Amino acid sequence: MPLSDIGLIGLGVMGQNLALNIGRHGFGVAVYNRTGAVTERFLAERIASEPIQGAKTAGELAALLSRPRKVILMVKAGSAVDAVTADLRPHLEPGDILIDGGNSHFRDTARREGELGAAGLRFLGAGISGGEEGALNGPSIMPGGPKEAYDAVSKVFEAVAARGPDGSPCVAYLGPRGAGHYVKMVHNGIEYAVMQLIAEIYDLLCRGLGLPALETAKLFGEWNRGELSSFLIEITSRVLSRPDPETGRPLVEVILDEAEQKGTGRWTVQDALDLGVAIPTIGAAVQARILSAMKDERTAASKILRGGGNSAGREPGVIEDARAALYAGVLCAYAQGMELLRAASEAHEFGLDLAEAARIWRAGCIIRAALLEDIRAAFSGNPDLPNLLVAPGIRDRLQEREPGWRRTAGRILQAGIPAPAMTASLSYFDGYRTERLPANLIQALRDYFGAHTYRRLDRPGSFHTDWTESGTGRV
Ligand code: 6PG
């Protein structure tokens with residue numbers, strides 16, 4: 001076989017599927033996995049006519065590649081990326097390109113780019129979304145790093161990426177250093193938020209209104225044919241309609257209610273806090289996973305603490321209101337993600353094009369949704385849009401749904417069903433549209449106990465009041 005165009009290390013299912021996808025597009029691929037038996041099985045069982053060859057060592061892999069070498073790492077984020085890089089590094093030459101296709105932290109990506117750059121090697125951090133199916137048939141790819149390194153691999157990325165509604169590939173150069181992994185991290189933050197919003201509405205429908213899972217599945221299926229059309233709503237409908245072969249009950253009802261997380265949602269919230277960006281819907285989703293994981297404590301508390309009746313009235317319009325609340329909450333989640341991307345681009349100097357980020361999320365990735373075309377258009381029409389919520393068109397749809405959203409929040413809170421993401425979204429909307437918030441009192445309290453000073457509405461300057469001594473402040 002001639003020298004391969006690209007190498008791939010890490011033959012987990014994602015790595016295998018991506019190798020097959022690249023091979024199917026006519027690029028020669030050389031693959032290497034630390035456990036050699038995995039490589040052998042992959043070559044024997046999954047390769048049909050794709051130009052894919054296997055290597056037994058990192059050195060052998062390097063020898064199979066045309067120059068400059070391009071190697072995609074599909075290994076677990078964290079120390080494995082450094083270990084694989086160290087393994088391969090002695091066999092590379094200046095100009096060669098390493099591409100980390102995992103969910104690495106953007107700061108690790110920036111560090112690796114710096115360390116390898118010092119040796120003349122080029123490092124790209126590319127978030128890849130779409131799960132196993134996406135890797136095989138077309139993922140959304142979010143690359144960042146040296147631009148000329150991106151240019152050297154863009155043909156491969158563009159060939160294997162999913163196609164958006166306009167036929168364009170769901171990949172774009174997003175910026176230097178960790179820009180690609182940053183965008184993927186925020187993608188995952190939005191993913192957490194949308195999944196939590198869906199789960200809250202499912203809870204209202206099933207537990208609150210007493211609808212059977214199958215009926216709820218039908219509703220999500222219907223909603224998927226309208227403005228909520230998206231991958232996550234679609235698979236919710238499928239998941240809710242799957243019976244458990246052992247018990248005959250809906251499978252979802254026998255699944256333990258503890259949500260796990262690998263870190264990207266938490267990182268999103270951590271960086272948003274550092275940058276001073278409000279992303280309460282995403283934050284609520286991360287917190288809800290943490291609370292869900294405290295199963296034993298929740299079970300004990302459920303015997304002690306009472307509240308709400310866990311049921312909501314089935315009055316007319318309740319389902320339509322729930323749909324409105326879900327749509328509005330989802331809009332808030334995307335709005336917050338886009339705000340974080342804007343702030344991060346400025347703070348970390350990514351030079352990110354928000355319309356491009358929305359464009360490459362329209363297909364292939366987990367948060368793909370019909371709504372993303374509206375988001376792309378909003379930022380393309382006005383890159384300085386202060387917030388997605390005020391974009392023409394989007395704001396009208398949000399306003400139309402506002403009464404149903406509010407009624408749903410009222411019902412769910414009254415029933416004692418937790419809906420942290422939905423209520424955080426509504427408070428985000430209300431906070432953002434409120435001219436005068438009670439932060440005046442917070443300023444006064446800060447000044448009372450710490451002489452932190454406050455500003456006044458009627459004249460410029462910083463002021464301090466001796467709250468305990470002065471006539472006006474005495475309690
Ligand atoms: C994707 C997914 C993928 C993975 C998440 C899951 O875009 O394909 O986001 O990367 O599903 O990392 O994250 P948690 O395990 O933290 O839920």
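**Exercise 1. How far is an oxygen atom of the ligand from a polar backbone atom of G130?**

Solution. Start with the ground rules. This is a predicted model, in which local features need pLDDT of at least 70 and side-chain atom pairs count only at pLDDT 80 or more, while totals for chains, interfaces and linings use all residues. Residues are numbered from 1 along each chain as its sequence is written, and side-chain values use heavy atoms, without hydrogens and water.

Step 1. Apply the cut-off: a polar contact is a pair of N or O atoms within 3.5 Å. Within protein, one atom must be able to donate a hydrogen and the other to accept it, and residues adjacent in sequence count only if both atoms are side-chain atoms.

Step 2. Read the distance. The backbone of G130 places a polar atom 3.0 Å from a ligand oxygen.

Step 3. An N or O atom of the R289 side chain lies 2.8 Å from an oxygen atom of the ligand.

Step 4. Check burial. Alone, the ligand exposes 420 Å², and the protein buries 80% of that (Shrake-Rupley areas, 1.4 Å probe; for residues, only the protein chains shown count as cover).

**Exercise 2. Describe the shell around the ligand.**

Solution. Step 1. Count neighbours. There are 14 residues around the ligand, and N103, S129, E191, Y192 and K262 come nearest (near: a heavy atom within 4 Å).

Step 1. Sort them. The shell has two nonpolar, eight polar and four charged residues. Here Ala, Val, Leu, Ile, Met, Phe, Trp, Tyr, Cys and Pro are nonpolar, Asp, Glu, Lys and Arg are charged, and the others, Gly among them, are polar.

Step 2. Find the main contributor. Helix α8 (residues 179–208) gives the most, with five residues. Helices (H or I, at least four residues) and strands (E, at least two) are DSSP runs, numbered from the N terminus.
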